[in-house]
Amino acid sequence: MNAQLVYPWYQVVRGSDLAQGDLLLGCPRFVIPPDANRGASGVALTRETVDAIVLTQSCDLAIRSNGDCEATDVLLCAFYLKKDLHEHQVFQKWEAWEEVRKGRRPFFHVLDACRLAGHEQDFALIDFHAIFTLSVPLVRDFAQSVGDRLRLLPPYREHLSQSLARTFMRVGLPTDIAPFGKTRST
């Protein structure tokens, strides 16, 4: 028998338990104004809502026997559904999505569409330019309040983590080695 293995991308979860790869639709994000450090004694934050994915490692979010977890803040990142980018200058084109899928566009990662009954969702573009943090209690309360949500499963969760790591481990050299070719003698 040559049965093809099936690795589902998502599972549906609910409650305040958090894990890397949790999709939080309508998640709050607080924006600090650009002039916040110009001597003002009070700063008015802007509260936005975005669709976000949890990037913090699951082991750092796991609740220990004392009721705490290692993390004090949750690293989150905004994502956008393909259907919502139909007018985007770059991501309205399938070629840009294909470049991201192949890992050729740092700062971006693609998630497959979800086909779970009652939880259908379009392809998602994760934008590592849009990373932010919120406190663990705030995110747990939010997760509890939204009811059912999608959680990215292994190995896709690890693929996301690897994509994030590649984005931040890039090193730009001041002088690179010249390209090798037929005319290069040394």
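Visitor: Which residue lies over the face of Trp97?
Guide: Ground rules before we start: this is a predicted model, where local features need pLDDT of at least 70, side-chain atom pairs count only at pLDDT 80 or more, and totals for chains, interfaces and linings use all residues. Residues are numbered from 1 along each chain as its sequence is written, and side-chain values use heavy atoms, leaving out hydrogens and water. A charge sits over a ring if NZ of Lys or CZ of Arg is within 6 Å of the ring centre and within 35 degrees of the ring normal. At 5.5 Å from the ring centre of Trp97, the residue is Lys82.

Visitor: And Arg29, which residue's face does that lie over?
Guide: This one is an arginine, Arg29, placed 5.6 Å from a ring centre. The ring belongs to Phe132.

Visitor: How many aromatic pairs does the structure hold?
Guide: Rings of Phe, Tyr and Trp (its six-membered ring) pair if their centres lie within 6.5 Å; planes under 30 degrees apart are stacked, over 60 edge-to-face, and the rest tilted. On that count, the number of aromatic pairs is five.

Visitor: Are Trp9 and Tyr156 stacked or edge-to-face?
Guide: Their ring centres are 3.9 Å apart. The planes meet at 15°, so the pair is stacked.

Visitor: How many residues apart in sequence are the parts that this pair ties together?
Guide: Helices (H or I, at least four residues) and strands (E, at least two) are DSSP runs, numbered from the N terminus. Trp9 lies in the segment before strand 1 (10–13), whereas Tyr156 is in helix 4 (residues 156–168). The pair therefore joins parts whose separation in residues is 147.

Visitor: Is Trp9 buried or partly exposed?
Guide: Buried means under 20% relative accessible area, exposed over 50%, and partly exposed in between (1.4 Å probe, protein chains only). Trp9 comes out at 23%, so it counts as partly exposed.

Visitor: What about Phe91 and Trp97, stacked or edge-to-face?
Guide: Phe91 is buried at 4% relative accessibility, and Trp97 is buried at 7%. Their centres are 6.2 Å apart with planes at 80°, so the pair is edge-to-face.

Visitor: What is the strand order in the open sheet?
Guide: Two strands pair if DSSP finds at least two bridges between them. The edge strands, pairing on one side only, are strand 2 (23–31) and strand 5 (108–111). With five strands in antiparallel pairing, the order is 2-3-4-6-5.

Visitor: How many bridges join strand 2 and strand 3?
Guide: Take Phe30: its bridge partner in strand 3 is Arg47. Strand 3 covers residues 46–54, and its antiparallel bridges to strand 2 number seven.

Visitor: At what angle does helix 4 run to strand 6?
Guide: Axes are lines fitted to C-alpha atoms, for helices over the stretch in contact (heavy atoms within 4.5 Å). Angles run from 0 to 180 degrees between N-to-C directions. Helix 4 lies across strand 3, strand 5 and strand 6, and its angle to strand 6 is about 85°.

Visitor: Which residue's backbone oxygen does the side chain of Gln20 reach?
Guide: Gln20 sits in the loop between strand 1 and strand 2, and at 4% relative accessibility it counts as buried. Beyond four places away in sequence, Gln20 touches several residues, including Val54, Leu61 and Arg157. At 2.9 Å, its side chain reaches the backbone oxygen of Leu55.

Notes. Polar contact = N/O pair within 3.5 Å; in protein donor to acceptor, adjacent residues only side chain to side chain.
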